[in-house]
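Here is a briefing for a first look at this structure. Start with the overall fold, then turn to the aromatic rings.

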Amino acid sequence: MTNAAAPSPMDLAFAEAEAAAARGEVPVGAVIVGPSGAIVAAAGNRTLELKDPTAHAELLAIRAACVALSSERLTGCDLYVTLEPCPMCATAVSFARIRRLYFGAPDEKGGGVEHGPRIFAQPTCHHAPDIYGGMSERRAADMLRAFFAARRS
């Protein structure tokens, strides 16, 4: 019997992003790890499928984690996402009180964490998570580039 390592939360987020791409959605995936270290939610973008502009991977994962943990607060939870969250998602991360945010590729045009309005640096921000950007950045950027290149051709 081999002792294969379990997939990392970021690997699971990439699996969600790949599933989103297969549905024709922008390939972004998110995973929330609870205080115990267990995965409590995972989601990929579903804006087209649900006809909902707020159906970003992060928001879907936050909603599912809140249900799973029976709380509107995700204190002690960590969010792994393949792309820098947009301002809407960054604000939801703040309101949910997520402990740590890990993300892959930066988003210079639509990001809200290290780019754009930098939500967590605003004086009106309720809570700022610890932020770790650039996790598997090349993999995330390549996935997005390939997706959009295929859409243009």
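A contact here means heavy atoms within 4.5 Å. Among contacts in the chain between residues at least 6 apart in sequence, 57% join residues at least 24 apart. Keep in mind that this is a predicted model.

**Fold and dimensions**

- The chain holds 5 helices and 5 strands.
- Read from the N terminus, the order of elements is α-β-β-α-α-β-α-β-β-α.
- The chain is as compact as a globular protein of its length, because its radius of gyration is 15 Å, close to the 15 Å that the globule rule gives for 153 residues.
- Along the principal axes, the C-alpha atoms fill a box of roughly 50 × 45 × 30 Å.

**Surface and charge**

- Of the 153 residues in the chain, 43% count as buried.
- The chain carries 15 positive and 16 negative charges.

**Aromatic pairs**

- How many aromatic pairs does a search of the whole structure find? The search finds 3.
- One of them joins Tyr102 and Tyr132. This pair is stacked, with 4.9 Å from centre to centre and 15° between the planes.
- The Tyr102–Tyr132 pair links distant parts of the chain. Tyr102 sits in strand β4 (residues 100-105), and Tyr132 sits in strand β5 (residues 130-132). The two residues are 30 residues apart.
- Is Tyr102 buried or exposed? Tyr102 counts as buried, because its relative accessibility is 13% and the cut-off for buried is under 20%.
- Tyr132 has a relative accessibility of 37%, so it falls between the 20% and 50% limits and counts as partly exposed.
- Phe147 and Phe148 form another pair. Their ring centres are 5.1 Å apart and their planes stand at 80°, so this pair is edge-to-face. The cut-off for that label is over 60 degrees.
- Phe147 counts as buried, at 11% relative accessibility. Phe148 is partly exposed, with a relative accessible area of 34%.

**Aromatic cluster**

- Which residues form one aromatic cluster? They are Tyr80, Tyr102 and Tyr132.
- Two members of this cluster, Tyr102 and Tyr132, are also the residues of the stacked pair.

Definitions and conventions:
Residues are numbered from 1 along each chain as its sequence is written. This is a predicted model: local features need pLDDT of at least 70, side-chain atom pairs count only at pLDDT 80 or more; totals for chains, interfaces and linings use all residues. Side-chain values use heavy atoms; hydrogens and water are left out. Helices (H or I, at least four residues) and strands (E, at least two) are DSSP runs, numbered from the N terminus. The radius of gyration is taken over C-alpha atoms; the globule rule is 2.2 Å times the number of residues to the power 0.38. Buried means under 20% relative accessible area, exposed over 50%, partly exposed in between (1.4 Å probe, protein chains only). Lys and Arg count as positive and Asp and Glu as negative; His and the chain ends are not counted. The place of a charge is taken as NZ of Lys, CZ of Arg, CG of Asp or CD of Glu. Rings of Phe, Tyr and Trp (its six-membered ring) pair if their centres lie within 6.5 Å; planes under 30 degrees apart count as stacked, over 60 as edge-to-face and the rest as tilted.
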